[in-house]
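Student: Could you take me on a close look at one part of this protein? I would like a single spot, described residue by residue.

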Amino acid sequence: MAFESSPETEKFLCERLLDVTQPISERFRALFSLRNLRGSGPREALVLATRDSSNLLAHEAAFALGQMQDADAVPALKGVLEDLSLHPIVRHEAAEALGAIGLESNIPLLENSLVSDPAPEVRETCELALSRIEEHKNINVNEKTSTVPASPFLSVDPAAPASFSSSVDQLREVLLSEEKSMYERYAALFALRNHGGDGAVSAIIDSLGARSALLRHEVVAYVLGQLQDKAACAALAEILKDVSEHPMVRHEAAEALGSIADNQSVALLEKFVKDPEPIVSQSCEVALSMLEFERSGKAFEVVAVKHLGHGILEIMILQLVQPFEEILIGENEMDKSDTNYEPRA
């Protein structure tokens, strides 16, 4: 869902996102807020962020552009995918974003990167993106008989879930099979996520032994983080501790542990906030910051909404730099109970 904001709010968020002197957690707050907006300003700020020195922020910016499904971002995303000087995690997200946007004109570039990119996680993402575009093309041709169900987690997933009529055991078999295509395994993964339950969670955790770092990273946080099931804590902790694991997988484990947020998970995040790999240490920092906001009853995002009363958009700007309770609007102190403002978590 896209919200409306004032030009001042938008300008502030764009500047905050691109301000390299700010803590990474504050820049992520701005990023998560900008992905709820539409228009050239947020898009251009996110495009610039895909070239940031923080690979974590750059990859998240590319992911956000894909979730926004903004076709005007395609030229910039193509440039990111083709730039082999960028970290594979950033190129991977650019490929996934091109698949999420879903234009058939993206196919030649994705096909080229599928065979030419040196990183296996990027090539596998191109395979997924091509399959997603092809599937949606077929759905458009047969739209009277075919539909892709909306994600219950409000995300634009890189693969449509497999048929819900499949049993958990059948989905587990597909997910764990190294012989199946990446798209089939992703489809099984998202079907298991949507199914839920102990059996589905167990199957998802078992797939952390997959050979593909791309699949492991998708399993780890994008799915286990969404499910927030404490049964996954031990497996996630081992991944974060494993310095030989791919940084993109460890980073997703940190985010998932932050979502689950039991005492052991928090202690582990506090330890690995000093990890020598910036993608991992920054992920821990952002996860801890998000958790701090959640525990204080505040939204990590500075949610952009329409004016619901005097001063609400001004409040949203200032939330980035000082607590809500300390803000003065004009001559009067504004209390939360005075408005209908409900931040989106």
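**A pair of side chains and their surroundings**

Tutor: Let's start with a pair: the side chain of H92 makes a polar contact with the side chain of E93, at 3.4 Å. A polar contact here is a pair of N or O atoms within 3.5 Å; within protein, one must be able to donate a hydrogen and the other to accept it, and residues adjacent in sequence count only if both atoms are side-chain atoms. This is a predicted model, where local features need pLDDT of at least 70 and side-chain atom pairs count only at pLDDT 80 or more, while totals for chains, interfaces and linings use all residues. Residues are numbered from 1 along each chain as its sequence is written, and side-chain values use heavy atoms, with hydrogens and water left out.

H92 sits in helix α6, residues 88-101, and E93 is in helix α6 too (helices are DSSP runs, H or I, of at least four residues, numbered from the N terminus). H92 is buried at 0% relative accessibility, and E93 is buried at 4%; buried means under 20% relative accessible area, with a 1.4 Å probe and protein chains only.

Now for the neighbours, counting contact as heavy atoms within 4.5 Å. Beyond four places in sequence, H92 touches E121, V122, T125, L214, H217 and M248.

Conventions. Helix = DSSP H or I, 4+ residues; strand = E, 2+ residues; numbered from the N terminus. Buried < 20%, exposed > 50% of the residue type's maximum accessible area, 1.4 Å probe, protein only.
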